[in-house]
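Open the model in your viewer and keep the sequence panel beside it.

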Amino acid sequence: MPAVKLLIKHLYVVLGAILSAGTATHAAPDQMNKARIAFVVMVRNAMEERDAALLIDSLHTFAGDAATSPIYVVLPDPLNTPGTLLKAKGARTVDLDLDTRFRGYPFADKVQACARAEELAEKKTDVLVWINTESLVVAPLRELDLAPGQAAAFRPVHIQNVGLSFGAAPDPFWAGIYKATGLTVDRAFPIESLVGSRKIHAYFNSGFFAVRPERGIMRAWKESFEKLVLDQEFQTVACSDDAHKIFLHQAVLSALAARLRREQIRMLPPSYSYPVNLHDKISPDQRARNLNGLVHMLSSETLRDGLWMDTLSVEEPLRTWLRKRLQGEPLPVARGIFRAEGSSNSYLVETADGNVLIDAGSAGGPESSLVRVNTKPVMAVLLTHGHADHVVEVPAWRAKDVPVVAQSEYAELQDYQRRLAGFLNPRFAVQFGGPSPFRDATGGGPGDKDGPSVFYSDTYTTDIGGIHFEAFHVGGETPDQSVIWARDRKAVFIGDNFYTSFPNLYTLRGTKPRWALDYVKALNKALDLHPDVLLPGHGVPIVGAAEVARQLTRYRDAILYVHDATVRGMNQGKDVWTLMREIKLPAELEVGESFGTVSWAVRGIYEGYAGWFDGNAANMYPQPAGLIYPELVRLAGSDAIGRRALELAKNGDALGALRLSDVVLGAEPSHPIALNARLAALKLLRKKSVNGIEARWLDHSIRLTESALGAMSAQAK
Ligand SMILES: [Zn+2]
């Protein structure tokens with residue numbers, strides 16, 4: 001049966017190639033008058049690289065004439081994120097040497113990326129299109145074929161945020177921008193925002209737009225933007241809060257666009273840049289009925305989790321395409337090794353006798369396309385660890401009598417998650433943005449028919465089809481974590497002890513201590529094996545002995561640095577908060593913090609070693625600091641504290657505002673000023689957040705606060 005399916009699949013591939021070749025030939029004369037289009041996207045980390053891979057696949061599949069257009073991928077951090085996955089898709093990568101003066105200023109990298117791409121594209125391209133990575137293109141991009149007199153294409157903003165209401169006199173922010181760009185307010189024609197239909201002076205969305213490179217708009221953008229960033233007075237007077245800093249780039253671009261005559265701009269229809277994250281806020285008559293009716297959709301967060309499909313429906317044939325794409329097709333990694341990405345990476349290693357599967361995540365089941373890359377049977381499943389995202393398909397393999405091998409701590413890992421299900425599941429649900437993936441944790445110890453069938457304690461060895469496999473127990477992210485070595489392929493499967501981000505030495509959803517030195521042990525074990533290929537549980541594999549050694553060494557040193565700095569600080573008598581603030585990775589060890597953060601790790605290490613008591617006698621007793629909040633509120637007045645919290649939030653002190661709102665809400669849980677201050681503070685933090693887990697918890701708190709406010713206004717009615 002698999003042979004037939006494989007044959008059919010090959011037939012489709014061949015047929016597809018013939019069809020697309022035919023289309024290209026016939027379309028050629030027609031193409032003569034069409035604009036030459038190129039795209040530019042920016043990829044800062046592994047998460048964005050995977051988002052961009054999905055975007056590029058959607059462009060290749062649905063963009064019509066533009067499907068074969070060049071794609072420039074600008075890489076501000078090529079050392080950590082070299083764009084391997086995207087190069088394999090034919091994208092052209094461009095390293096960006098970020099001007100250090102603008103490092104850390106919101107979207108300075110995006111502005112520089114566009115200017116650089118415009119320079120490169122100028123002679124070769126008629127229309128250069130910027131697309132945010134968290135985007136999908138699902139229909140031909142016909143509106144990008146600009147008419148001869150048109151110089152750019154834009155969508156009005158979705159929400160007004162810092163936009164200048166039409167007819168209002170320019171505030172210092174817009175006055176500064178108009179001055180820097182040479183625009184006058186009377187020339188800034190009105191547009192209407194998608195949400196709330198607000199009339200605003202020319203203000204465009206910068207998630208998707210197009211320019212004629214010869215006009216130099218992107219380079220002018222960089223010049224004006226950077227001038228305003230360096231203008232101390234402008235920054236202090238007009239741009240001191242986060243909202244203005246965050247939207248400065250978009251405002252400057254809008255002013256430059258408005259310098260064109262109105263008819264030189266093609267105003268893109270609402271089927272472009274459709275913001276799925278704002279779907280519920282869009283008035284029903286403007287709201288998209290489904291994805292199929294759109295051309296381009298974007299979001300403020302990843303589309304790869306498919307969660308947005310609960311909000312915006314997707315009909316066939318798009319539905320099947322997306323489902324398949326999100327499930328992940330098998331990708332060749334190295335000789336005889338394939339990867340498929342689902343809830344985690346699953347890997348298939350070919351041997352002379354059959355296949356060995358490493359981890360059984362959602363893309364590694366008996367029916368997956370991964371196991372159909374050849375017609376051989378799966379001889380064994382080896383697990384790097386027992387987290388649900390790596391073992392969901394274990395019961396299916398056991399049902400087929402395939403041996404599944406795990407380290408013996410696996411049983412306790414499953415048991416403790418079951419033991420604490422009532423505590424952990426709601427927190428898992430927040431962190432994973434949906435129902436807990438651990439709800440159906442698979443079997444535990446020996447004899448359990450749903451769980452692994454073979455357990456080992458220190459090492460496990462097997463020879464299958466001429467390949468020698470070894471598993472070494474190391475610990476780390478979980479107590480059962482092992483490093484798996486396929487000697488004859490020089491490949492190390494490191495599980496979740498290596499990410500393209502600092503690891504979660506403590507994770508906010510709650511977990512037993514994860515020992516930093518166990519991660520170090522795992523990374524040293526991997527280094528000792530001198531692998532040619534490093535295959536992580538999540539993200540893109542690393543190929544090449546020197547590169548593998550470099551990245552493993554740097555990752556180990558980063559963890560060791562944070563561990564040692566924490567221990568040193570503890571011995572010097574410093575408290576945990578001080579160390580959380582003080583300890584920062586040196587530049588050469590910055591591995592990114594999109595998953596774990598250094599400050600959480602510091603506290604994880606500190607309390608992992610020392611437990612919860614901080615030496616303050618007040619903390620020996622079961623009454624928390626919040627116990628006296630009602631006292632404070634009685635002394636100072638809830639309105640006064642609430643107003644101060646609002647003021648702090650307005651001045652950008654989100655944490656101060658959050659703490660003060662805690663005080664008021666500890667005494668009066670539905671105090672409106674405090675709730676509003678809290679909401680403003682949470683939203684500020686959310687905008688700044690570059691860490692996926694932090695963002696999820698902030699979203700959760702925002703929802704709670706909004707519903708408290710909603711309940712209150714309902715009561716008032
Ligand atoms: Zn995992």
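Where is the place of T302? Select T302: its place is in the loop between β12 (296–298) and α9 (318–327). Helices (H or I, at least four residues) and strands (E, at least two) are DSSP runs, numbered from the N terminus. Residues are numbered from 1 along each chain as its sequence is written. This is a predicted model, where local features need pLDDT of at least 70, side-chain atom pairs count only at pLDDT 80 or more, and totals for chains, interfaces and linings use all residues; side-chain values use heavy atoms, without hydrogens and water.

Stay on T302. T302 is buried, at 18% relative accessible area. Buried means under 20% relative accessible area, exposed over 50%, partly exposed in between (1.4 Å probe, protein chains only). Now show D51 and E134: leaving aside neighbours within four places in sequence, T302 is in contact with both. Contact means heavy atoms within 4.5 Å.

Next, the sheet. Select β5, β12 and β11: these 3 strands form an open sheet in the order β5-β12-β11, with mixed pairing. The edge strands, β5 (135–137) and β11 (274–275), each pair on one side only. Two strands pair if DSSP finds at least two bridges between them. Between β11 and β12, which run parallel, there are 2 bridges. Zoom to Y274, which stands opposite M297 in β12.

Last stop: I583. Find I583 in the loop between α16 (576–582) and α17 (598–610). I583 is buried, with a relative accessible area of 8%. Then pick V598. I583 and V598 are 15 residues apart in sequence, yet 7.5 Å apart in space, C-alpha to C-alpha.
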